[in-house]
Amino acid sequence: MAAEGGARQLEVSVNGIGERAGNAALEEVVMALKCRKEILGGLYTGINTKHIVPISKMVMEYTGLHVQPHKAIVGANAFSHESGIHQDGVLKFRGTYEIISHEDIGLSQSNESIVLGKLSGRHAIKTQLLKLGYDIDGKDLDDIFMRFKEVAKTKKRVTDADIESLVTSKSIQAKAMWSLGNIQVTHGNVGFSTATVKLLSLDGREKIACAVGEGPIDASYKAINSIVQVPITIAKHVTSALEGTNAISSTRVVIYEQNNNLSVTSTEEPNFHTFSGDGADMDTVISSAQAYLNALNKLLAFNDLSAGKSSNGKV
């Protein structure tokens, strides 16, 4: 740097903008002098560095010249960490990978970025869950982490809303007497939809069924029902997708057992035991099938418990 050679006036510009290849970036020069003061003989600028980020944004707004994400100091990725090793180190001590504090340049705490993606580890997921108000450990955390990895394979950045959907769909499930193996649907605007479903029983047996329905979800439910062989009425079915074309779809299903055919449109308030299930997946059909199976497993567990009490003379 020229300052080491005795220069006391440095020509710089905010964000390094300028004619042709630009100029030395003000924010980089100022922070270099601040962080390496001892090497440069105690030189300082007197600039309030907490205004660096606001000024950088103002210049971008007025000039229309946006800095690249990997730009030092003010780039969007300057304080972002996606690698699991980096995230673990930063969460334990920020100075491990950050020689500059984000507060020193006017970047608010809410803007610091642990980017949840395919390289993130358990420590980052655990920390983010705590920030969202979920204190989860052990097998539940392992299950959520595995599902997070599946989502991260197809989505570059996993949002807080995505994490909450994974938690909601995982919350306190009955023992899975049936779990979803594979599902394939055929759907269009000609004819009925068809669904082929493979379920795995608690003892590892595989059952496959195919059904036709008024839409892929209806067909999937009927295929599942033909395997489980329990007369079910759906009292409530709600699906909501988070923002974005590759967002996670969350589904909640409420069912009850009755000697009627499967009905997806029932709006009656049942006078029986109801069982709810939640599902979350980037595919709405899979999300719905998961929710339906979770509700079914609760119903089957309840029936087994009731049968056990009856055989013991307690009911």
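Here is a quick tour of a sheet, a helix pair and one serine in this predicted model.

Let's start with the sheet. Strands S5, S6 and S7 line up in that order as an open, antiparallel sheet. S5 and S7 sit at the edges with a single partner strand each, so one side of each has no neighbour in the sheet. From one strand to the next, the twist averages 20°. Between S6 and S7, which run antiparallel, there are eight bridges; alanine 195, for instance, has alanine 211 in S7 as its bridge partner. Helix H7 packs on this sheet and touches S5, S6 and S7, with its direction at about 40° to that of S6.

The elements around the sheet, by residue range:

| Element | Residues |
|---|---|
| Strand S5 | 178-186 |
| Strand S6 | 193-201 |
| Strand S7 | 206-213 |
| Helix H7 | 216-228 |

Next, the helix pair. The axes of H4 (residues 122-131) and H5 (residues 138-154) come within 11 Å and cross at roughly 110°. That makes the two helices roughly perpendicular, because angles of 65 to 115 degrees count as such. On the H4 side, Arg122, Ile125, Lys126 and Leu129 meet Leu141, Asp142, Phe145 and Phe148 of H5. Sorted by class, that contact has five nonpolar and three charged residues, with no polar ones.

Finally, serine 287, which lies in helix H8 (residues 284-311). Is serine 287 buried or exposed? Its relative accessible area is 0%, so serine 287 is buried. Beyond its neighbours within four places in sequence, serine 287 is in contact with Ser249, Ser250, Thr251, Gly279, Ala280 and Asp281. Arginine 252 is 35 residues away from serine 287 in sequence, yet their C-alpha atoms are 8.9 Å apart.

Methods:
Residues numbered from 1 in each chain as written. Predicted model: local features only at pLDDT ≥ 70, side-chain atom pairs only at ≥ 80, totals over all residues. Heavy atoms only, no water. Axes fitted to C-alpha atoms, helices over the stretch in contact; angles between N-to-C directions. Helix = DSSP H or I, 4+ residues; strand = E, 2+ residues; numbered from the N terminus. Parallel < 35°, antiparallel > 145°, perpendicular 65-115°, else oblique. Contact = heavy atoms within 4.5 Å. Nonpolar A, V, L, I, M, F, W, Y, C, P; charged D, E, K, R; others polar. Buried < 20%, exposed > 50% of the residue type's maximum accessible area, 1.4 Å probe, protein only. Pairing = 2+ DSSP bridges.
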